[in-house]
Amino acid sequence: MKETICTIPINDIFMPKDGCPICRMEDMLEKQYVKFITGDAMMEPNIRIETNKKGFCHRHFSQMFTVGQKLPNALILESHLQEIIDKYMPAKLKGKPDKKQLEGIREELSSCYVCDRIASDMHHFMATVFAEWVKGEEFRKLYNEQPFICLKHYSFIMSAATGKGGISSKLLPDFYAETAALTKNYLVSLKADITHFCSMFDYRSQGQDWGTSKDSIERSIAFLTGTD
Ligand SMILES: [Zn+2]
Ligand SMILES: [Zn+2]
């Protein structure tokens with residue numbers, strides 16, 4: 001599969017100004033990879049080698065099962081299960097289990113083909129975001145008009161900005177400040193909404209307006225965990 005990133009104009013991700021744009025990007029990649037893995041990827045033996053080795057996390061197995069047909073799911077599992085039998089299950093266990101094999105199982109359990117592909121694409125995507133931000137006004141304005149950057153992506157962006165393909169040290173303080181404002185302003189307003197929400201359960205608040213607090217629990221969860 002080609003780098004999906006190259007086909008996505010970055011403005012399309014930032015234009016809607018609805019929630020965290022980085023969540024939107026991740027969400028889109030996730031949908032594409034889950035569809036791809038139970039579809040076109042079936043024709044690519046190299047990908048099966050990878051999925052046999054890495055497997056999938058619970059979230060992505062569930063999505064594949066929901067989105068994909070049963071046969072592709074079963075075929076992926078058939079060779080993945082066989083690989084686990086061959087690698088980690090000795091014909092007859094004598095004495096203690098092999099430490100390396102147990103380590104291998106632990107690694108297998110914590111790896112996911114879809115998560116890895118998304119993570120790698122996200123780094124390319126962020127490099128494009130940084131490059132556009134550095135270029136200046138138009139994108140920078142769009143960046144600052146985002147409703148917020150969720151907590152997960154705040155941490156991701158702030159770290160990625162200093163890495164390879166990040167932002168030059170001269171411009172970093174501005175970038176940090178703008179990104180921090182996007183996260184903090186929203187966080188503070190969210191906290192105020194939650195406080196208001198709580199206060200509405202007080203009998204003294206009877207008849208008062210819920211204001212923007214009605215969906216503050218849902219919005220807090222989305223802010224704290226990224227989109228579901
Ligand atoms: Zn996000
Ligand atoms: Zn995953």
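A residue is called buried here when its relative accessible area is under 20%, exposed when that area is over 50%, and partly exposed in between (1.4 Å probe, protein chains only). The model is a predicted one, so local features need pLDDT of at least 70 and side-chain atom pairs count only at pLDDT 80 or more, while totals for chains, interfaces and linings use all residues. Residues are numbered from 1 along each chain as its sequence is written, chains are lettered from A and ligands numbered from 1 in the order in which they are written, and side-chain values use heavy atoms, with hydrogens and water left out.

As for confidence, pLDDT (the predictor's confidence in each residue, from 0 to 100) averages 91 over the protein, and 96% of the residues reach 70 or more. Helices are DSSP runs (H or I, at least four residues; strands are E, at least two), numbered from the N terminus. Confidence is lowest in helix H1 (residues 10-14), with a mean of 90, and highest in helix H10 (residues 172-199), at 97. Residues 1-6 stay under 50 in pLDDT, and the model gives them 17 contacts beyond four places in sequence, a contact being heavy atoms within 4.5 Å. Where pLDDT is low, the predicted coordinates should not be read in detail.

Next come the zinc sites. Donors are N, O and S atoms within 2.8 Å of the metal (3.2 Å for Na, K and Ca), and sites may look incomplete because water is not among the atoms. The zinc ion (ligand 2) has Cys57 (SG), His60 (ND1), Cys112 (SG) and Cys115 (SG) as its protein donors, 2.0 to 2.3 Å away. Along the chain these donors are spaced C-x2-H-x51-C-x2-C. His60 sits in helix H4 and Cys115 in helix H7, so the pair ties together parts that are 55 residues apart in sequence. Cys115 is partly exposed, at 34% relative accessibility.

The zinc ion (ligand 1) is held by Cys20 (SG), Cys23 (SG), Cys150 (SG) and His153 (ND1), at 2.0 to 2.3 Å, with the spacing C-x2-C-x126-C-x2-H. Its four donor atoms subtend angles of 99 to 116°, which makes the arrangement tetrahedral; four donors count as tetrahedral if all angles lie between 85 and 135 degrees. Cys20 is buried at 5% relative accessible area, and Cys23 is buried at 4%.

Cys23 also belongs to the buried residues of H2, among them Ile22, Leu29 and Tyr33. Helix H2 (residues 21-37) has 17 residues and spans 24 Å from first to last C-alpha, close to the 24 Å expected at 1.5 Å a residue, where the expected span is 1.5 Å times one less than the number of residues. Its buried residues pack against H1, H3 (45-54), H4 (58-67), H5 (70-88), H7 (113-135) and H9 (151-160).

In helix H5 lies His80, buried at 5% relative accessibility. Leaving aside residues up to four places away in sequence, His80 touches Thr51, Asn52, Lys54, Gly55, Phe61 and Glu108.

Then there are the aromatics. Rings of Phe, Tyr and Trp (its six-membered ring) pair if their centres lie within 6.5 Å; planes under 30 degrees apart count as stacked, over 60 as edge-to-face and the rest as tilted. The whole structure holds 15 such pairs. Phe56 and Tyr113 make an edge-to-face pair, 6.4 Å centre to centre with 75° between the planes. Phe56 is in the loop between H3 and H4 and Tyr113 in helix H7, so the pair ties together parts that are 57 residues apart in sequence. Both Phe56 and Tyr113 are buried.

How values were computed:
Four donors count as tetrahedral if all angles lie between 85 and 135 degrees; four count as square planar and six as octahedral if opposite donors are over 155 degrees apart and all others between 65 and 115; anything else is irregular.
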